[in-house]
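Me: I am new to this structure. Please show it to me, and then let us go through some questions.

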Amino acid sequence: MSGAVKTTCREALRAAIREAMQRDSRVFLMGEDVGEYGGCFAVSKGLLDEFGPERIRDTPLSESVFVGAGIGAAMNGLRPIVEVMTVNFSLLALDQILNNAATILHMSGGQFNVPLVIRMATGGGRQLAAQHSHSLEGWYAHIPGIKVLTPGTIEDFRGMLWTALEDPDPVLIFENALLYNLEGELAEDAGPVDISKARVLRSGTSLSLFSYGGSIPKTLEAAVQLESRGIDPEVVDLRTLRPLDTATIIDSVRRTHRAVIVDEGWRSGSISAEIMARIMEESFYELDAPVARVCTAEVPLPYAKQMEDAALPRVETIIEAAMNVVGGNG
Amino acid sequence: MAEFLMPSLGADMTEGTVTRWLVQPGDHVDRGDIVVEVETDKADMEVEIFEAGTIEQLLVPQGEKVPVGTPLAIVATAAAPAARVALPETSGPAPPLAEAPKPAAPSPAAPRPRATPTARIRARELGVDLAAVHGTGVAGAITRQDVEHAALRRAPEPAPRAEGRRLLVSPRARLLAGERGIDLATVTGSGPGGSITAGDVERVAAPTAVAAPSLPSGPAVEVPSGRPRAAGRGPIAALMERSNREIPHYYLGIEVDMSRALDWLKAENRKRPVPDRILASALLLKATALAAHEVPEVNGYFIDGGFQPSATVNLGVAISLRQGGLVAPAILDASAMPLGELMRRLQDLVARARAGRLRASEMSSGTITVTNLGEQGVDFVYGVIYPPQVALVGFGKVTERPWAEAGMLGVRPVITASLAADHRASDGHRGGQFLATVAKLLQEPEHL
């Protein structure tokens, strides 16, 4: 076991991009302001100097154009990483993502894979109001033909990208923008990670807290506070919303018999709704309480700080939901 | 019509107390009139009204503290006179109006009881019928306190589960209860919304009765009527019916001085570590087992028209189950067993019986059964024999009685041992000898 270094999710992600560029000459990064400006979240800062304008490409402000270009590049043998500024803007490229990237393998009768990686920032909590703050990864998880990754830990910010690039089909990575500054320890030799399994971050017996992406730190904090109340929660990081690792989810429910899902998306038609449905389908008789969830209020995300805070899942609301599910007997 | 609300008199004000009303229903007010004095955490303030009109109704009595935004009064403005029925229900989730009258409430034609909004919310929460509450507030309005008092008066009856209402049971709890034969109607729920959880079922299935308080109760006791027919009652009912139909019972009783036995037990237990302590029940069982060994006519089976005595005494112990029902598993070869061992077997048997984990062999091997109803305050047990056995021994409670012995009168702890025996297998003479032997053995507890 090698030593650990202190780093942030942003630096871990930059290290992952750099490693991918070094390992495979077919890899390149493109998107709005990724070059000269260093990325609107400073993820690609310094990479233009290191790899040059051929491989770190600034694009026009047209998501449809550069996502489409990425699809074409991928079909022609390259391994593009396309950065979309936020998930709200990705809707301009939804036609390319859904009608092209996700379907070309099928429409071509298996002739053309699209080995494309699209990264985008998601989530609220930064007072960027209703056009820059939403969490639409649950929507994308609806689409067959793509994979949806939601890193919530430094290890996954460091390790998911390479594995995604290796995948022969389109992979979307949703990076909760609040996590870029998240500090933590990362093993010196940290590298690619599996992207097919959910991960139990904390074992427990009282209930399962299912969470992903930007809700992971909140959920872990809620777990610590619940422990001081005599409740022993399990925390499962879903990591990948499509395909969902149903086996790990069900396995956890079979052990704890209670579940709360923490999802920064809106609740109606959400990934949390899908998870509840699967728990019901596959472990109904294991349940000792109705499955609960903590989601974002169904409003366009407010700008005002106190209102935005009130709309998003919080440590207190997670604790409250967990206490309700556990009931009086701990 | 307009509502006059508790204002926010500062960013951090969440509630205020109405200290004095300066207007009464019927008074005319103009925009800017001071109508009420409100006390907050920080100060007393005079509050002005922004509507002109006639005060229709005061909703919050003096002295009551309410959250910011709570309607304090209804004002009939010139444009829209107050409609008397539509009281505001602004704080808390507002139910459809049609839902408001409780089933027991007077007919729709009756006037709606006058009550403060907080009282209405509280009444909904506590399930109190406002029509039955006496109001002490302004103009006889029902206040929150009135509702809470009414709820308290009604409280002693622990809301029984309404007949026909589906029990709230988690899927896992339902599954467990099915597996273990637990009647869910006997389980108290501790989960969300009072639902029954797996933990609740497990507590009923395996109560922490390891410290077996006494010999458990037996077949002569009926579960209180009105309860749903408990699991396990069916087979018992058939067996008892057969017993009373086929077996010619006779009954004998004897009073036994327990002073020596209890004194000895006290001294003996002092020497034993707490987990190994022996209960009086074990002494009674051991004496019964030894006596049955000496008087074999009460120990065995009546099968195929004849009595078959048993060489060993397998002592059936009647155990009532918490969820209703009765079992009588046997302690095998009890007469040969040291007292400490008998005690352990008894504890084990009770715990497993209540957890539903008895072995089939234990259920069918009893040769004589003991039932102890002393804990229920019973003096004398007229037992019903467990077919095909031929005797059932009962013990009542230990009570202090005047007791004459060797010309001296004293107060002694006394227990009544009774025998219900099958007249086809034994007669009163042998039955009497059996009971006398039990009594004699209990005078020499050190030999048990």
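Me: Which element of chain B has the highest mean pLDDT?
Reply: This is a predicted model, in which local features need pLDDT of at least 70, side-chain atom pairs count only at pLDDT 80 or more, and totals for chains, interfaces and linings use all residues. Residues are numbered from 1 along each chain as its sequence is written, while chains are lettered from A and ligands numbered from 1 in the order in which they are written. pLDDT is the predictor's confidence in each residue, from 0 to 100; helices (H or I, at least four residues) and strands (E, at least two) are DSSP runs, numbered from the N terminus. Helix α9 (residues 360-364) of chain B has the lowest mean, 73, and the highest, 95, belongs to strand β17 (residues 391-395) of chain B.

Me: Over residues 82-109 of chain B, how many contacts does the model have beyond near neighbours in sequence?
Reply: The pLDDT is below 50 over this stretch. Where pLDDT is low, the predicted coordinates should not be read in detail. Two residues are in contact if their C-beta atoms, placed from the backbone, lie within 7 Å. For residues 82-109 of chain B, the number is 28.

Me: What is the strand order of the open sheet of 4 strands in chain B?
Reply: Strands pair if DSSP finds at least two bridges between them. The edge strands are β1 (2-5) and β3 (28-29) of chain B, each pairing on one side only. Strands β6 (residues 53-58) and β8 (residues 71-77) of chain B pair in the antiparallel sense over 5 bridges. The order is β1-β8-β6-β3.

Me: Which residue in β8(B) is the bridge partner of B:L58?
Reply: Strand β8 of chain B covers residues 71-77. The partner there is B:A73.

Me: Is B:A406 buried or exposed?
Reply: B:A406 lies in the loop between β18 (399-405) and β19 (408-422) of chain B. Its phi is near 50°, a positive value in a residue other than glycine. A residue is buried with 20 or more other C-beta atoms within 10 Å of its own, exposed with 12 or fewer, and partly exposed in between; C-beta atoms are placed from the backbone. B:A406 has 5 C-beta neighbours inside 10 Å, so it counts as exposed.

Me: What is the omega of the cis peptide bond that joins B:P387 and B:P388?
Reply: B:P388 is found in the loop between β16 (368-372) and β17 of chain B. For the bond from B:P387 to B:P388, omega is about 0°.
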